[in-house]
2 protein chains.
Amino acid sequence: MSIETDIKQTAFRNPYHRLLVNIMFTSNWIGDGQMQILKPHGVTLQQYNVLRILRGQYPNPVKVSDITERMLDKMSNASRLVDKLLLKQLAERTECPSDRRAVDVVITQKGLDLLKMLDDCQSGWEDGLKERLSEEEAVTISLLLDKLRKGCDL
Amino acid sequence: MSIETDIKQTAFRNPYHRLLVNIMFTSNWIGDGQMQILKPHGVTLQQYNVLRILRGQYPNPVKVSDITERMLDKMSNASRLVDKLLLKQLAERTECPSDRRAVDVVITQKGLDLLKMLDDCQSGWEDGLKERLSEEEAVTISLLLDKLRKGCDL
DNA sequence: TTACATTAAATGTAACAACAGTTAATCAAA
DNA sequence: TTTGATTAACTGTTGTTACATTTAATGTAA
């Protein structure tokens with residue numbers, strides 16, 4: 001379905017305008033899809049992202065400031081996000097020995113187990129994409145999006 | 001700059017995974033850019049979108065339910081968004097004569113003037129894109145994104 | 001060592017969003 | 001016409017997010 005039909009708007013100013021709207025719409029569409037997967041397991045998209053960052057460094061700890069840096073949408077609340085993970089016992093927090101201002105965060109076994117399960121759900125969802133888009137097409141879009149953002153340091 | 005550098009992650013599971021992250025990251029990047037433009041003028045991205053929907057039908061009124069349908073991210077708060085526009089006198093609200101449950105919303109002259117100015121700012125921002133991406137490339141991405149979402153009725 | 005600037009994390013706040021539930025108008029069937 | 005279902009908008013609640021500020025630890029220069 002074309003983006004015009006999706007959002008019931010017939011006229012875009014130009015191909016660039018159409019592209020911008022299309023990217024944001026598609027992003028929301030993806031986010032919604034992911035959210036449907038995550039919600040039954042009691043984690044939000046943001047918490048899921050943090051968990052994956054933690055797993056990426058496991059078994060090494062990750063500082064809160066590192067998490068903030070790596071989050072897709074830069075936001076100031078990595079602290080509170082980690083709080084939520086602690087409550088669910090998906091992560092642990094310890095004072096960093098080399099810098100007592102910093103806090104080391106590590107994913108727990110429970111967190112790793114949850115991620116494993118979520119990854120499977122996620123893969124199932126991604127399989128739907130593979131029927132509609134070839135691997136080459138996926139690469140093409142990624143390259144073009146990189147080009148779109150070129151020279152913009154985050 | 002490639003998406004790997006942007007988010008400091010070296011490994012994606014596959015091109016599809018990379019694409020999903022890239023789309024969401026790029027969407028945030030665009031949203032941030034737009035927000036920077038809008039903030040000095042006291043409107044949020046959502047309010048700006050509503051204003052453009054209203055202008056699209058001007059001088060005809062738009063019902064709150066129509067606004068909800070056309071919003072990029074379907075959300076239940078079109079009511080409260082319209083409230084904000086009323087406070088700033090960017091829109092007016094009248095009871096729909098043919099259905100007293102419904103509410104007709106119309107953009108004001110002040111709203112049209114503001115949109116005009118914002119469009120100019122926006123165009124300036126879009127010009128940056130034109131230097132990095134050809135029109136054909138913009139069209140290509142849009143078509144591929146449509147294909148990605150194909151068969152998904154919002 | 002003291003003073004000052006910088007950094008990391010946490011917190012207070014106000015605005016915003018998601019979701020459920022309410023109210024009121026309309027429609028449709030008995 | 002009355003009853004019940006549906007629809008449109010609004011509201012209440014809860015959790016999030018952005019932004020600014022605070023607290024504490026570290027680095028640096030006098």
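These are my notebook entries on a predicted model of two protein chains, A and B, and DNA strand D.

**Ground rules**

I number residues from 1 along each chain as its sequence is written, and letter chains from A and number ligands from 1 in the order in which they are written. As the model is predicted, I take local features at pLDDT of at least 70 and side-chain atom pairs only at pLDDT 80 or more, while totals for chains, interfaces and linings use all residues; side-chain values use heavy atoms, with hydrogens and water left out.

**Entry 1: chain A overall**

I started with the make-up of chain A, which has 7 helices and 3 strands. I take helices (H or I, at least four residues) and strands (E, at least two) as DSSP runs, numbered from the N terminus. Along the sequence I read α-α-α-β-α-α-β-β-α-α for chain A.

Next I looked up burial, where buried means under 20% relative accessible area, exposed over 50% and partly exposed in between (1.4 Å probe, protein chains only). Of the 154 residues in chain A, 47% are buried. I also checked contacts, meaning heavy atoms within 4.5 Å. Among contacts in chain A with a separation of 6 or more, 50% come from residues 24 or more positions apart.

**Entry 2: the sheet in chain A**

I found an open sheet of 3 strands in chain A, ordered β1-β3-β2 with antiparallel pairing. β1 (62–63) and β2 (91–95) of chain A are at the edges with a single partner strand each, so one side of each has no neighbour in the sheet. I count two strands as paired if DSSP finds at least two bridges between them. β1(A) and β3 (residues 103–107) of chain A run antiparallel and are joined by 2 bridges. I noted A:Val105 in β3(A) as the bridge partner of A:Val62.

Which helix did I find packed on this sheet? α5(A) packs there, touching β2 and β3 of chain A, and its direction makes about 120 degrees with that of β2(A). For such angles, axes are lines fitted to C-alpha atoms, for helices over the stretch in contact, and the angles run from 0 to 180 degrees between N-to-C directions.

**Entry 3: the sheet in chain B**

I found 5 bridges in the antiparallel pair of β2(B) and β3 (residues 103–107) of chain B, and B:Thr94 stands opposite B:Asp104 in β3(B).

I looked up A:Leu118 in helix α6 (residues 109–132) of chain A. Is A:Leu118 buried or exposed? A:Leu118 is buried, at a relative accessible area of 0%. Beyond four places in sequence, A:Leu118 is in contact with A:Leu38, A:His41, A:Val43 and A:Tyr48. A:Tyr48 is 70 residues from A:Leu118 in sequence, but the two are 8.8 Å apart in space, C-alpha to C-alpha.

Then I went to A:His17, in helix α2 (residues 15–38) of chain A, which counts as buried at 6% relative accessibility. The A:His17 side chain reaches the backbone nitrogen of A:Arg13 at 3.1 Å. Leaving out neighbours within four places in sequence, I list A:Phe12, B:Arg52 and B:Glu126 as contacts of A:His17.

**Entry 4: DNA strand D**

I found 19 residues around DNA strand D, with A:Lys84, B:Lys39, B:Ser65, B:Ser79 and B:Arg80 the closest. Near here means that a heavy atom of the residue lies within 4 Å. A base nitrogen of DNA strand D is 3.2 Å from a side-chain N or O atom of A:Arg80. I put a phosphate oxygen of DNA strand D at 3.0 Å from a side-chain N or O atom of B:Arg93.

Notes
Polar contact = N/O pair within 3.5 Å; in protein donor to acceptor, adjacent residues only side chain to side chain.
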